[in-house]
Amino acid sequence: MSASLIQATVQAVSKRKLPTWATLTLTPPAVNKIKQLLKDKPGRHLGVKVSVPTRGSNGLSYTLEYTKIKGDSDEVIQDGVRVFIKKKAKLTLLGTEMDYVEDKLSSEFVFNNPNIKGTCGCIESFNI
């Protein structure tokens with residue numbers, strides 16, 4: 001059983017080169033936040049699971065959930081953090097960087113995805 005973790009903002013990346021050999025890379029702030037969330041969450045969770053379900057006005061959106069089992073997912077381990085990627089999301093996430101950003105008004109995970117062709121006005125869904 002998994003619970004929704006947090007919403008994320010979608011950003012198209014056009015001017016920045018991201019490594020394309022990894023499905024997903026995490027920035028140090030993302031690693032630290034996931035570690036903190038897992039530490040604060042009761043129960044024995046292995047990590048977080050990333051999926052890209054069909055949702056929103058533009059087609060796809062990111063979903064993060066706590067997970068206690070690996071299931072049918074690929075695994076990314078970075079700096080001791082385990083992130084599981086649903087198999088259907090693997091091609092959508094190829095070359096994506098997951099970051100965690102905090103400012104005075106908000107804090108959120110941000111996916112810098114070089115594959116995005118368009119986003120909706122609310123920046124919560126995208127298409128490839």
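Guide: A residue counts as buried when its relative accessible area is under 20%, as exposed when that area is over 50%, and as partly exposed in between. The model before us is a predicted one. T67 has a relative accessibility of 4% and therefore counts as buried.

Visitor: In which strand is T67 found, and which residues does T67 touch beyond those up to four places away in sequence?

Guide: T67 is found in strand β5. Leaving aside residues up to four places away in sequence, T67 touches H45, L46, G47, V48, K49 and F84. A polar atom of the T67 side chain also lies 2.7 Å from the backbone oxygen of I69.

Visitor: Why is β5 described as largely enclosed by the rest of the structure?

Guide: Four of the five residues of β5 are buried, so the strand is largely enclosed by the rest of the structure.

Visitor: How many helices and strands does the chain have, and what pattern do they follow along the sequence?

Guide: The chain has two helices and 11 strands. Read along the sequence, the pattern is β-β-β-α-β-β-β-β-α-β-β-β-β. Of the 128 residues of the chain, 45% count as buried. For contacts between residues at least 6 apart in sequence, 62% join residues at least 24 apart.

Visitor: How is the span of a helix judged, and what span does α1 reach?

Guide: The distance from the first C-alpha to the last is set against an expected value based on 1.5 Å a residue. Helix α1 covers residues 28-40, and its 13 residues reach 18 Å, close to the 18 Å expected.

Visitor: Which residues of α1 are buried, and why are they said to line one face of the helix?

Guide: The buried residues of α1 are A30, V31, K33, I34, L37 and L38. Seen down the axis of α1, these buried residues fall within an arc of 165°, so they line one face of the helix. On the other side of α1, P28, K39 and D40 are exposed.

Visitor: Where does K90 lie, and which residues does K90 touch beyond those up to four places away in sequence?

Guide: K90 lies in helix α2, which covers residues 90-93. Its relative accessible area is 38%, so K90 is partly exposed. Not counting residues up to four places away in sequence, K90 touches T23, D74 and I85. The C-alpha atoms of K90 and L24 are separated by 8.6 Å, although these residues are 66 residues apart along the chain.

Visitor: Let us return to the strands. Which strand does β8 pair with in the parallel sense, and which strand runs antiparallel to β8?

Guide: Strand β3, residues 24-26, pairs with β8 in the parallel sense over three bridges. In β8, M98 is the bridge partner of L26. Strand β9 runs antiparallel to β8, and six bridges join the two. β8 and β9 form a hairpin, with four residues between them. In β9, S107 is the bridge partner of E102. Strand β8, residues 96-102, is mostly covered, as five of its seven residues are buried.

Visitor: Where is V110 placed, and is V110 buried or exposed?

Guide: V110 has its place in strand β9. V110 is buried, with a relative accessible area of 5%.

Visitor: How many aromatic pairs does the structure hold?

Guide: The structure holds two aromatic pairs. One of them is formed by Y62 and F111, with 4.0 Å centre to centre and 10° between the planes. Planes under 30 degrees apart count as stacked, and this pair is stacked. The pair links distant parts of the chain: Y62 is in the loop between β4 and β5, F111 is in strand β9, and they are 49 residues apart. Both Y62 and F111 are buried.

Notes
Residues are numbered from 1 along each chain as its sequence is written. This is a predicted model: local features need pLDDT of at least 70, side-chain atom pairs count only at pLDDT 80 or more; totals for chains, interfaces and linings use all residues. Side-chain values use heavy atoms; hydrogens and water are left out. Rings of Phe, Tyr and Trp (its six-membered ring) pair if their centres lie within 6.5 Å; planes under 30 degrees apart count as stacked, over 60 as edge-to-face and the rest as tilted. Buried means under 20% relative accessible area, exposed over 50%, partly exposed in between (1.4 Å probe, protein chains only). Two strands pair if DSSP finds at least two bridges between them. A polar contact is a pair of N or O atoms within 3.5 Å; within protein, one must be able to donate a hydrogen and the other to accept it, and residues adjacent in sequence count only if both atoms are side-chain atoms. Contact means heavy atoms within 4.5 Å. The expected span of a helix is 1.5 Å times one less than its number of residues. The arc is that of the directions from the helix axis to the C-beta atoms.
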